[in-house]
Amino acid sequence: MLFLIIKRILLGFITLFIVSIITFVGTEILPGDACTTYLERQAFGEQLEACYRRLGLNVPAYERYVSWALNAIQGDFGYSLSGEMPIKEVLGPRIKNSLVLASAAIFIGIPIALILGIITALWRDKLPDVAISTVTIFAMTIPEFISATLLILIIAIWLEWLPGIVIVPTDVSFLELLPNIILPVVAIAMIMTAHMARMVRSSVIQVMASEYVQMAILKGVPYWKMVFKHVLPNALLPAINVVALTIAWLLGGVVVTEVVFNYPGLGRLVIESISNRDLPTVQALAIILASIYVSINLLADLLTLILNPRLKTLQIRK
Amino acid sequence: MTDIIQKVKNLSIGFRSKKGDEILILKNISTNIKKGETVGIVGESGSGKSTLALAMMGYVKHGLYTIGGECQFNSSNLLKMKSKDLEKIRGRKIAMIPQNAGQALTPNLKIGYQIDEALQLHSDLNEKEREKKISELLNKVRLPSPETIALRYPHELSGGQQQRVAVAMALAGTPDLLLLDEPTTGLDVTTQAHVLELLNFIAKDTGTSMVYVSHDLGAIAQVSDRIIVMYSGEIVLEGPSRDILKRPIHPYTHGLLKSIPKLSLAGLPESMPGSQPQPGTIQSGCSFFDRCNFSDENCKNNSPQLEFLKDLNTSVRCFNYEKLINENQVSQTVNKIKNKSQDKEILNLSEVSISYAKQKLLDQIFNRISDDNPTVKDININIKKGETIALVGESGSGKSTILKSIAGLLRTKDGLIRFDENRNLSSDLKERDPNDLRIIQLIFQNPDESLNPNHTIEEIIAQPLKLYFGLKGEELKKNIIDLLQKVRLGEFYTSRYPRQLSGGEKQRVAVARAFAAKPDIILCDEVTSALDVSVQAAVLNLLQQLKENFGTTYIFVSHDLAVVRAISDRVAVLYQGRLCEVGPSNDVYRFPSHPYTEVLLGAVLEPDPDIKPKLVAEDIVEERPPEKGCSFQGRCSRIVGDICKKEIPPWQLTDSGNAIRCHIPIKELQKEQF
């Protein structure tokens, strides 16, 4: 078990290493660099040389990679070009914002998804299932930029209940922030919930058809006790990985939604820094997003391992 | 009348087809289960026997519904009962022991909890008493150290142990009626015999009524007082079990009993032609008409009713049962097989060892296998051209593992596989040339999985012909039809897909595919296990005939010792991947000498109430073969001393050519037999 965890963590680091190489090489290959972008038309001769020296771009690429990597491990990603401030400081509030948005969506979306998924499975082919399934499939198929725009149009512009874009700084108190993030959260949660509810539904239906559930019924176990003891623990295990991927996707910044709502999260930062050719920031973002994916997947795998007695002992035996 | 515990009245269950037609799975079934009796329900797959058993608990599977009739328990109809009331009957009054306990136990709950749940629901015991009761129950089903078993998860137990847990769970509610749905199918012979013995003991001890559903007449014969034979959703014969097994008066039962291979008889049993009609087939006459040897015009046009014969105490659904009364005994005619083996050696395994152990990094790098105690060790077998040699043993004995290595699917650790006296075959598929691949063909257990569902029969059989002989066009077509005819399938099968064939037909296609390569050796891995008995006999006969025509050598793996007896010339008995005994099947079966052979043969169930299994050894499951000494030391009842634990027993030869690996002198082994 311990060996397995260590192995998975090591593999995670290797993944991150590969990601860092790819992004570094990618930014190197692209024509132009930070200085040409920064200096624009003055990018020649003395000034360009000076800029290279100042930013340390005059040393060979591998040396720069090593020093960048060493710093990155310590949390120092260097300077953002556009704002000329440490990337750390740029990232900090953005990560916090994305976290706020993601956790709100998670806390609302996951329970709803579970409940809807379970209801549709238990009342399979009956009215509740047909109704909810229609809605979820509908929600799944509308792209988020359309649902987000519609939300703004209806709730913010026609009804004027909530602000359409986020206009307050995010360090205000929660109560002040709340009305601003309701719409983006709803927009994200809709699609995510629909996906997860479908997943949970098919998983529960599969377990309901299993022999051990039939056995539990024939044993005289009351319906709800059977659902909670025999069905759900086994049906929700495979859902853990999907939930994990969803969380990673949320934390990674829901690019489209953030742009539509003008929400200052990681997703919008990705767009901004790419269009500004702010390569150090892009590099830093790539690494951070990769680490989020890797660590959340690792957590999900460990959780499955802990919750599934079968996997646990099989690992020991083999 | 008070002694009737469950009354099934005119029960019909079915489903609606896509076209909206009502299709019957059970047709107007009526029967009674009396207090304290054990009723066996037999039939081939699709005869509706499990549906009937489930209906007796008021349970109808998703997709099926009750069309008419009742299942009365204590004069209330279970099929119309509210689920709240059913919960009070299920598990408490009527309990179920499922077919596959491994899948019927909830994987995330501990054994103790699952039994406790039944106790909580169906008894008034407090927590302390329940804990004691759990131990008692686990003890009753003879599981070792109940306290630790209760803390385990289902997957941590062996198949036999899981089945025992399921029995304990069913007994927790002290039911009046136990329903058993193929409770021993899928267990090893020895385990099966032990579980049946336990069930018999429980039936006597507690006076519980039992309904025992199985396709296996051998198992039914051991437990039941009364037998119900089902065919195509109808009861065709019902009566006292001895009469039905000894003097069946329905042609179906008659044919069924004749098609079962027996331990005492060498040679292939007669097969019953045809197969059971699909549900929904419209028939004007008797449903068994096409397969019946006793039928006449009347049977074709009118369907017989179940008729009760008072003097025989039997109900039968047949117009011509009187013909069978006169025929009396089931006279088993067998097609004696001739040993056509020549003296020429075709395959030789010498010192073969195979390991499943996960290899260390260093060994992986150097591409070698190191394991001091491999799964299969020191296999020396010399196979003659044209013979059928069978590998027998319980699950985990390494019989399929050896087949895989011969086929090149699994690397051996040590040893040589030599073909035709001079050619060494690599156990690695990649190192074999196309001809090496052609000479050895495999037929698998389950044709559903071994035939590609997206290929037509023509494409399936064409593949080896194209691959090995480069046939094309007309010639290819001619060869395919020729092969189909050899396995007795018509030309029109070429355009069909596997799913359109019955189990027996699919296995015939698999046989045709194997023969398409014109192989010298065919490896048969449990080829008849997934088939119904009547079909099994037909496939065995087919294999035998093809062998006689082509001089093919068969290596036959099966857990069914009666089947092995029927088809093989020679038998090799394996335990924990080590050979125990090798010899001509006549001798191995008539005078089983190795203690393990004795255990195996003793546990075989015959469809005859007078032959009881002999249980010699405990059915413990050993995880690994012992490090040293005799492989069977852990379960042997005849250990002679420390020598069994320390030294690998020597090979001893009997006069008839049996080789036995045991420390007990050969004279003594044979003497103690009878």
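Predicted model: local features only at pLDDT ≥ 70, side-chain atom pairs only at ≥ 80, totals over all residues.
Two strands count as paired when DSSP finds at least two bridges between them. Strand β15 of chain B, residues 345-354, and strand β18 of chain B, residues 414-419, run antiparallel and are joined by five bridges. Within this pairing, B:N348 is found opposite B:R418 of β18(B).

These two strands belong to an open sheet of four strands, ordered β16-β15-β18-β19 in chain B, and the pairing is antiparallel. At its edges lie β16 (376-384) and β19 (423-425) of chain B, each of which pairs on one side only. On average, and ignoring direction, neighbouring strands of the sheet are turned by 20° against each other.

Attention now moves to the helices of chain A. Two packed helices are described by the angle between their axes and the distance between the axes. For helix α9 (residues 211-218) and helix α10 (residues 223-236) of chain A, the angle is about 150° and the axes lie 10 Å apart. Angles over 145 degrees count as roughly antiparallel, and α9(A) and α10(A) are therefore roughly antiparallel to each other. Their crossing is right-handed. On the α9(A) side the contact involves A:Y212, A:V213, A:A216 and A:I217, while α10(A) contributes A:M226, A:H230 and A:V231. Sorted by class, the residues in the contact of α9(A) with α10(A) are six nonpolar and one polar, with no charged residues.

What is buried in α13(A), and what covers it? The buried residues of α13(A) are A:L266, A:G267, A:R268, A:L269, A:V270 and A:S273. Their cover includes α14 of chain A, together with α5 (87-122) and α12 (255-260) of that chain. Following α13(A) comes A:R277, a residue with a positive phi near 55°.

Terms used: Residues numbered from 1 in each chain as written. Chains lettered and ligands numbered in written order. Axes fitted to C-alpha atoms, helices over the stretch in contact; angles between N-to-C directions. Parallel < 35°, antiparallel > 145°, perpendicular 65-115°, else oblique. Left-handed = near helix turned anticlockwise from the far one by under 90°. Contact = placed C-beta atoms within 7 Å. Nonpolar A, V, L, I, M, F, W, Y, C, P; charged D, E, K, R; others polar. Buried ≥ 20, exposed ≤ 12 C-beta atoms within 10 Å, placed from the backbone.
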